Amino acid sequence: MRENFRYILAVITPDLTFESRDVYRAIAESVMSLYGDSIAAQVWPSVMKVEGSHVIIRCRRGTEQYLETALSAISLIQGIPAGVRPVKTSGTIQTLKEKIRSHTDKRDAKAVVSGITCDVIVDMQGRIDLKEKGIYHEIPRYITKEDTEDLNYDE
Amino acid sequence: MHVFDGCVFPFPSGTVSISRYALELKGLGFSGYVVAGIPPESRAGDSRAWTARYLTRVPARLLAREAGKTIQKNELVYVQAGDAGYNRNVLTTPGVHVLTDVHTSPKDGFDRYCAQLAAERMIGVNLSARPLVELRDIAKQKVIRRYEEIFTLQNRYEFPLVLSSHATDITHLKSPREMIRLFSLVWKEEEILWRSLESIYRIKNRSGPVVEV
């Protein structure tokens, strides 16, 4: 008999790209840690697609809540601090693919923050992430245009 | 609905600026948030952001003075929990809004009497989602058990619970739905969890000081 599946679209924060097997390991570890082998077998999580920071994960119908909780409980992927935020659940992958926004709406730039010039990535919603994380201790890593003194987009 | 993230730590305590928190939390569906460790003036223009004076390791004798300092508009007082005696002292101190970090207090640090005091004086008990995410194995199990005890006491005495992400980094932020999912590991009644996300608004707007007769 054919299994009924549900698909969950999730976003990885911060905006990093991981290989699907690394994302799978993090999800499987989280499900196992929270619920053990029995529920993990019921949920049967599987990473269907990774596109930039978006990921589509499959689970058995009726186990979406377990998977959503496990996704929310992820704090590391491949040893890198990251969160996985469930966004939408659907019965088909197609619906979720439509939801994945374009990844071309990001631009490299140079920003001046507290007198320090640094390389940043700017998205169209006004989010600015410093590229050289951990180098500047005197300015925050995640900012907005409001925090910058000057912002010049790279050619 | 006034869905609030009970506590976030901006730069320099964390890696995220306040304006970035505002953008992210709005995107996640929160109608407001409480920022700890910054002066209230810096968020004067933002009605959705409340600031909190986060008091840690304050000796009991200095508590009344620290908590009683003039409270500005949209400012709250959070006090880190200690042993049972200290917590009772906190809960009877005027000006305190929220008792926080209860999971770090010793066993029986938050007992029935504390629950009763919190309910009478409308003082919130803060539960952070971070230990549920970051801890592993026995440490996580201990936190789940401690939170369960607090939910059981809340069910009986009906003191306000305040759910928060305690975020210092962008990866720690959780949407209201994620918070509900994480806390549903501890307590299954979603109605109480949703009410807990709104309770900081009720605590802030509580009517006048409680007078014992």
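This report describes selected local features of a predicted model, taking a helix pair, a glycine, backbone geometry and cysteines in turn.

## The α7–α8 helix pair of chain B

In chain B, helix α7, which covers residues 176–183, and helix α8, which covers residues 190–204, have axes that come within 10 Å and cross at roughly 130°. The two helices, α7(B) and α8(B), are therefore oblique to each other, and the crossing in which α7(B) passes α8(B) is right-handed.

On the α7(B) side the contact is made by B:Pro176, B:Met179, B:Ile180, B:Arg181 and B:Phe183, while α8(B) contributes B:Glu190, B:Leu193, B:Trp194 and B:Leu197. Sorted by class, the residues in this contact of α7(B) with α8(B) comprise seven nonpolar and two charged ones, with no polar residue.

## Surroundings of B:Gly32

B:Gly32 belongs to strand β2 of chain B, which spans residues 32–36, and with a relative accessibility of 0% B:Gly32 counts as buried. Leaving aside residues up to four places away in sequence, B:Gly32 touches B:Val3, B:Phe4, B:Asp5 and B:Arg48. A further relation concerns B:Gly6, which is 26 residues apart from B:Gly32 along the chain and whose C-alpha atom is separated from that of B:Gly32 by 8.9 Å.

## Cis peptide bonds and positive phi values

Most peptide bonds are trans, and most residues other than glycine have a negative phi. Against that background, the peptide bond from A:Thr13 to A:Pro14 is cis, with omega near -10°, and A:Pro14 is found in the loop between β1 (5–13) and α1 (20–43) of chain A. In chain B, a cis peptide bond joins B:Phe11 and B:Pro12, where omega is about 15°; B:Pro12 lies in the loop between β1 (4–8) and α1 (18–28) of that chain.

A:Trp44, with phi near 55°, is placed in the loop between α1 and β2 (46–51) of chain A, and its relative accessible area of 39% makes A:Trp44 partly exposed. B:His166 has phi near 50° and lies in the loop between β7 (161–164) and α7 of chain B, but at 8% relative accessibility B:His166 counts as buried.

## Cysteines

Across all chains, a search of the whole structure finds zero disulfides. As for individual cysteines, A:Cys59 is buried, with a relative accessible area of 0%, and A:Cys118, at 2% relative accessibility, likewise counts as buried.

Methods: Residues numbered from 1 in each chain as written. Chains lettered and ligands numbered in written order. Predicted model: local features only at pLDDT ≥ 70, side-chain atom pairs only at ≥ 80, totals over all residues. Heavy atoms only, no water. Axes fitted to C-alpha atoms, helices over the stretch in contact; angles between N-to-C directions. Helix = DSSP H or I, 4+ residues; strand = E, 2+ residues; numbered from the N terminus. Parallel < 35°, antiparallel > 145°, perpendicular 65-115°, else oblique. Left-handed = near helix turned anticlockwise from the far one by under 90°. Contact = heavy atoms within 4.5 Å. Nonpolar A, V, L, I, M, F, W, Y, C, P; charged D, E, K, R; others polar. Disulfide = S-S within 2.5 Å. Buried < 20%, exposed > 50% of the residue type's maximum accessible area, 1.4 Å probe, protein only.
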